[in-house]
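Please open the structure in the viewer and keep the selection tool at hand.

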Amino acid sequence: MGVPFIDIKRFEPGFLEKWAEKVHSLSQNAQFIGGQENFDLEKTLSEWTGKTHSIACANGTDAIQIALRAVGVDRGDKVLLPDSTFWATFESVVNCGADPYTVDTSPDDLQMEFSEFEAAIDKVKPKAAILVHLYGWGSSKVEAFRSLCQNKGIPLVEDGAQCFGVKYKGEALYKKSLIATTSFYPAKVLGAAGDGGAIFTSDPELADKSRKLANHGRTSHYEHGSVGWNSRLDSLQAAFLNLSLEHLPMRIASRRKAAEFYYQNLPKLGIKTVHPPEGFEENGYCNVTLFSPEERPKIESVLKEKGIGFANIYPGAMSDQPGAKQHIQGRFGSKEEARRIAKSVLNFPLFAYMKEEELSEVLQVVQSYYKS
Ligand SMILES: *Cc1c(COP(=O)(O)O)cnc(C)c1O
């Protein structure tokens, strides 16, 4: 049969019909930019995130750039970011004209290493820093990152592209951030019918700056107080997201159930399965296991042969990307954990409404690898 790494076509009964109606009515009224759908979306996003302001924008990369610019990052400024993340985090620093410095990864939670970050803050004295919440949870030191940055007066931008719906100590992970972002790329936990993103903050000034930057620096229709760009989310995307949000609790519950299946079954085979740190309630974005660099290609070839999808989130450190060379100003971390983890991480299929048969098929293939 085979199991895909991800299948985003499993819509709830009636969902596509409702979407078709939305497309029809929005098109009939030529309601393509802004309007009620965008207003409703931002309101619902604020309910989910616990932030006073939600600003929808064109994609998750723009959201980080907007947040960085809103906290004052400008040409030639220094910004710290984790070495284990998606390339967009690195790009957004460079696209602000700022200089990126990467910080190594902790082998304990696979998120940014706090002690290296602390050392980097003192050495670089950055204008801002980015914390990325990876894998559908976040760092065991999230509170330490926030309070360190607050004490040092360094704005911390939280890239939450993978953590929509994640709870920390019973509330949205975004809630205690200064400013956080997300992505509505279709494969994320809350996905659009195309690209989309958002910025979340409870600081009215940061919210105002973000909203203006995402709309040509507009202060009124033909008056531009700053140079921003066009990063609006269109009304069709907002409508799709509004429909999806109605079902999101179910989708997250389904993902968490699949995640639980792996927690229950993979360790029995001796597979090192990474759990969210204490205090986190994950959104089921992905499954994370660790293999030795020698063993990983062997199990991967069995998965390929049997048609089981998998991923390596992420296969390399940002500082090693060919595109990083001309921009990177420094790397913090002598232990090379980001590189080591990139060679070990393997993600099994996980998505909303995965069937029990599919989960058992994945497990059977993995079991067959251990038996042979
Ligand atoms: C997906 C993702 C982004 C980028 O989002 P886009 O909407 O694709 O621009 C940024 N950071 C992380 C960690 C991501 O996973």
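By class, how many nonpolar, polar and charged residues does the shell around the ligand have? The shell has six nonpolar, eight polar and two charged residues; in this scheme Ala, Val, Leu, Ile, Met, Phe, Trp, Tyr, Cys and Pro count as nonpolar, Asp, Glu, Lys and Arg as charged, and the others, Gly among them, as polar.

This is a predicted model, in which local features need pLDDT of at least 70 and side-chain atom pairs count only at pLDDT 80 or more, while totals for chains, interfaces and linings use all residues. Residues are numbered from 1 along each chain as its sequence is written, and side-chain values use heavy atoms, with hydrogens and water left out.

**First stop: the ligand**

Select the ligand and the 16 residues around it, of which Gly60, Thr61, Asp159, Ser183 and Lys188 come nearest. A residue is near a molecule if one of its heavy atoms lies within 4 Å of it.

Next, display the side chain of Thr61, where an N or O atom is 2.4 Å from an oxygen atom of the ligand. In the side chain of Asp159, an N or O atom is 2.8 Å from a nitrogen atom of the ligand. At Ser183, a polar side-chain atom lies 2.7 Å from a ligand oxygen atom. Of the 390 Å² of accessible area that the ligand has on its own, the protein covers 92% (areas by the Shrake-Rupley method with a 1.4 Å probe; for residues, only the protein chains shown count as cover).

Now colour helix H3 (60-70) and helix H4 (87-95), each of which supplies at least two residues of the shell around the ligand. The largest share of that shell, three residues, comes from H3. Helices here are DSSP runs (H or I, at least four residues), as are strands (E, at least two), numbered from the N terminus.

**Second stop: Glu37**

Move to helix H2 (residues 36-49) and select Glu37 within it. Is Glu37 buried or exposed? Glu37 is buried, because its relative accessible area is 12% and buried means under 20%, exposed over 50%, and partly exposed in between (1.4 Å probe, protein chains only).

Select Thr219 in strand E10 (residues 218-220). Thr219 counts as partly exposed, at 41% relative accessibility. Lys209 is ten residues from Thr219 along the chain, and their C-alpha atoms are separated by 10.0 Å.

Which bond joins Ile313 and Tyr314? A cis peptide bond does, with omega of about 5 degrees. Tyr314 is in the loop between helix H9 (296-305) and strand E15 (330-332).

Then select Leu110, in the loop between strand E3 (99-103) and helix H5 (114-124). Leu110 is not a glycine, yet its phi is positive, about 65 degrees. With 2% relative accessibility, Leu110 counts as buried.

Finish at Glu336, in the loop between E15 and helix H10 (337-342). Glu336 has a positive phi of about 60 degrees although it is not a glycine, and at 27% relative accessibility Glu336 counts as partly exposed.

How values were computed: A polar contact is a pair of N or O atoms within 3.5 Å; within protein, one must be able to donate a hydrogen and the other to accept it, and residues adjacent in sequence count only if both atoms are side-chain atoms.
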